[in-house]
Amino acid sequence: MQSNKIPWVRVLVEGVVIVGSIHLAFALDAWWDSQSREAELREQAHVVAGEVASVSAAVQRVQRSHELAANLTAHLSAALREVPEGAEIVVSDTLVGPLLPQATADVSTGSIDTFVAAGGLELIEDEETRGYFLEWSAQIEDLQDDEIYLRNFAGAALNQHLRANYAVANAELWAIPVLLARFHVGTPVVPDVLGTVTLRHEQQLLNYLAARESGERGLRAGLLTIIEQADLMVEALEGVR
């Protein structure tokens, strides 16, 4: 007579093997996905490092133009105050021309935002540096707001006043090297003849110069902070192995 006894031990062992195999398969799949994702993030980190380094270099160039503008406005203000109100001074075109263009920093946040959203901060060991990545978009937004203020208010007011009240047409030619240097277009074109601009000691001009200097120095300080943080971010990204 055939026994109907169920081999529970065998069933249990086979069940355990099957369940274990399934869990192992899932674990291996998860491990493989994790390895693939980490490899992609590491590759992305080096791409982002190159982009951030380019941003740092571009911002460095722009901050130098803001430093020049701040120094020029301070110099012109001091020279005007050395003469009585209403008196005139004669200055070189090269002291006025570089003030007329408005340099801006075209900074993108896209690659960093994508890197952060993909979980790239897991690869950054230093907590403070991770914070720079998280704050990058907000920092750039603040910078762009400052640029808009400087361009539309302090910068525009001074430039409009100079163009409306003083002969600065030849001085504006000295803005060409500044613009060309910013965009790296060929060799800067310098005017053949160095001219002069006659300025008058008037309170309105001094006010415009002071506002422009303050705006330039404030914006430059923000740019220097971004450069410092960007360099630390690049160092962290290049250290990803």
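Figure 1. Arg212 and Glu216 are joined by a salt bridge whose closest N and O atoms are 2.6 Å apart, a salt bridge being a side-chain nitrogen of Lys or Arg within 4 Å of a carboxyl oxygen of Asp or Glu. The model shown here and in the other views is predicted, so that local features need pLDDT of at least 70 and side-chain atom pairs count only at pLDDT 80 or more, whereas totals for chains, interfaces and linings use all residues. Residues are numbered from 1 along each chain as its sequence is written, and side-chain values use heavy atoms, with hydrogens and water left out. Because Arg212 and Glu216 are four residues apart in helix H7, about one helical turn separates them; helices (H or I, at least four residues) and strands (E, at least two) are DSSP runs, numbered from the N terminus. Arg212 and Glu216 are both buried, where buried means under 20% relative accessible area, exposed means over 50%, and partly exposed lies in between (1.4 Å probe, protein chains only). A salt bridge also brings together the side chains of Arg217 and Glu213, at 3.0 Å from N to O, and these two residues, being four residues apart in helix H7, are likewise separated by about one helical turn. Arg217 has a relative accessible area of 37% and is therefore partly exposed.

Figure 2. The search of the whole structure finds four salt bridges, and one of them is formed by Arg220 with Glu67, with 3.5 Å between the closest N and O atoms. Arg220 lies in helix H7 (residues 203-238) and Glu67 in helix H1 (residues 8-81), so this pair ties together parts that are 153 residues apart in sequence. Arg220 is partly exposed because its relative accessible area is 24%, and Glu67, with a relative accessible area of 30%, is partly exposed as well.

Figure 3. Ser56 is a residue of helix H1, and its relative accessibility of 8% is why Ser56 counts as buried. When residues up to four places away in sequence are not counted, Ser56 touches Ile227, Ala230 and Asp231, contact meaning heavy atoms within 4.5 Å.

Figure 4. Because Phe115 lies in helix H3 (residues 110-117) and Phe133 in helix H4 (residues 127-165), the pair ties together parts that are 18 residues apart in sequence. Phe115 and Phe133 are both buried. Tyr149 and Phe153 make a stacked aromatic pair, with 5.6 Å from centre to centre and 25 degrees between the planes. Both Tyr149 and Phe153 belong to helix H4, where they are four residues apart, or about one turn of the helix. Tyr149 counts as partly exposed because its relative accessibility is 45%.

**Figure 5. The start, bend and span of helix H4.** At the start of H4, the backbone nitrogen of Glu128 has a side-chain oxygen of Asp126 within 3.3 Å. H4 bends by about 55 degrees at Glu135, the bend at a residue being the angle between axes fitted to the seven residues ending there and the seven starting there. The expected span of a helix is 1.5 Å times one less than its number of residues; at 1.5 Å a residue, the 39 residues of H4 should therefore span 57 Å, and the end C-alpha atoms of H4 are 54 Å apart, which agrees.

Figure 6. Arg151 is located in helix H4 and counts as partly exposed because its relative accessibility is 34%. With neighbours within four places in sequence left aside, Arg151 is in contact with Gln102, Thr104 and Ala156. Arg151 and Arg212 are 61 residues apart along the chain, and their C-alpha atoms are separated by 9.5 Å.

Methods: Phe/Tyr/Trp six-rings, centres within 6.5 Å; stacked < 30°, edge-to-face > 60°. Polar contact = N/O pair within 3.5 Å; in protein donor to acceptor, adjacent residues only side chain to side chain.
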